[in-house]
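Let's take a walk through this structure together. Keep the viewer open, and turn the model as we go.

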Amino acid sequence: MVQSTRIAVTPGDGIGPEVVAEAVRCLETLRAKHSLALEWTRFPWPSHAWHEENGESWPADALEQLKQYDAILLGALGDPGPMDDPDRYLLPDSISLAPLLEMRKNFDQWVCERPARLLKGARQYLADERAKDIDMLVIRENSEGEYVSQGGRLRQGTPDEVATQMEVFTRKATDRIIRYGFEQARRRAEERVRDGRTRGFRTLDGRTCESQVCLVTKRNALRYWGDMYTEAFEEISKEYPDVATHHELVDAACMKFVQAPWAFDVVVASNLQGDILTDLAAVLSGGMGVAPSCNLNPTDSNMPSMFEPTHGSAPDIAGQGLADPTAMLFTTARMLEWLGRKDPTLAAAGKELFDAVAADLAQNAGTQRGTHEIGQAICKRLEA
Ligand code: IPM
Ligand code: MN
């Protein structure tokens, strides 16, 4: 008998608890159907509600507690809404979102994976018909860069105030994220060949490869880390002659994400640039309601990875049962697939969940449905 896989469920704020409830319903359905060795514990923190009662977003030993789990399934953090309640308990973003960054840092979740694929039934924002072929994976460096949170404010509140915000890029973190990008490109190429969905990417020497990694920097202005990224990319790419390489400056990448997003396969970007690009990529795949995300530590299996949709707490619709749980459910599917590295029955359940969510999306294109209605329809599919 395999040892049970344990998930820490942290619904968080705003629409978080609403979409997480549907994820848990799907997990229950899958567990019952396949007798999965899967357990979960629901935590009332981190959240505004916990802060209101306890004066902090989570208990002092929260990270220690979470470390005991195999994965963390997070709803959303931020303004809890509803927006029309001016008296709601509100915290500055830098406080309410700190636990998210703490988890990434303390569990060394150095990869943030954000796939953007325009699935059938998802809203197509671009008029060009080729938008149907959008299928990219943005890999965001998730451990350092612009997010190291070093710096400070001098002479605060005076006309001579100075704010510094340091960016730190290490060769080690650069190498590992670029290598991870190439590995994912290879994995995606194998999958496409297996499924008969092949693509072609030209190399500079005139060959055509099944996959591509595009490195994004701003090396024309931010040259120190830009040059280091470029050198690491060139070196590591030699180990992957089967993968085409490409580089874009981040501003041009934004333009090309809109003009020709179908031309991208795997995109590797820094923490902040990846953050910004993935809001854009989410829209290319149908909007925040369908965009999954995960924060992974691929190197240390004692550290939990964290799974949260790209969207936030959506205070404008919180508490109304209107939030689309699709992104949360795709994220949950990816979590199961990830946990399947240890227990293959979970990987199969993850694929089943992904297929059910995708089929539901395809069948209900454009219809207005509530959070629970969508969750229920997907559970029904899983039960069938
Ligand atoms: C995200 C979010 C976070 C980030 C914020 C909430 C700190 O935008 O996960 O993309 O910038 O990483
Ligand atoms: Mn973001």
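This is a predicted model: local features need pLDDT of at least 70, side-chain atom pairs count only at pLDDT 80 or more; totals for chains, interfaces and linings use all residues.

Which residues surround ligand 1? The shell consists of L97, L100, R104, R114, R140, Y147, D275 and E308, where a residue is near a molecule if one of its heavy atoms lies within 4 Å of it. Residues are numbered from 1 along each chain as its sequence is written, chains are lettered from A and ligands numbered from 1 in the order in which they are written, and side-chain values use heavy atoms, with hydrogens and water left out.

Back to the ligand. Its shell divides into 3 nonpolar residues, no polar ones and 5 charged ones; here Ala, Val, Leu, Ile, Met, Phe, Trp, Tyr, Cys and Pro count as nonpolar, Asp, Glu, Lys and Arg as charged, and the others, Gly among them, as polar. An oxygen atom of ligand 1 is 2.7 Å from an N or O atom in the side chain of R104, and for R114 the corresponding distance is 2.9 Å. For the side chain of R140, an oxygen atom of the ligand is 2.7 Å from an N or O atom. Taken alone, ligand 1 exposes 320 Å², and the protein buries 77% of that (areas by the Shrake-Rupley method with a 1.4 Å probe; for residues, only the protein chains shown count as cover).

Stay with R140 for a moment. This residue lies in strand β5, residues 135-141 (strands are DSSP runs of E with at least two residues, helices runs of H or I with at least four, both numbered from the N terminus). Is R140 buried or exposed? R140 is buried, because its relative accessible area is 1% (buried means under 20%, exposed over 50%, partly exposed in between, with a 1.4 Å probe and protein chains only). The side chain of R140 also makes a polar contact of 3.3 Å with that of Y147 (a pair of N or O atoms within 3.5 Å; within protein, one must be able to donate a hydrogen and the other to accept it, and residues adjacent in sequence count only if both atoms are side-chain atoms).

Strand β1 (residues 5-12) runs parallel to β3, joined to it by 5 bridges, and I7 stands opposite A71 in β3.

Finally, some backbone details. A cis peptide bond, with omega about -5 degrees, joins W45 and P46, and P46 sits in the loop between β2 (38-42) and α2 (48-54). Another cis bond runs from G81 to P82, with omega near -10 degrees; P82 is in the loop between β3 (71-76) and α4 (93-96). S149, in strand β6 (residues 145-154), has a positive phi near 60 degrees without being a glycine, and counts as exposed at 56% relative accessibility. R155, in the loop between β6 and β7 (162-168), has a positive phi of about 50 degrees and is partly exposed at 47%.

How values were computed:
Two strands pair if DSSP finds at least two bridges between them.
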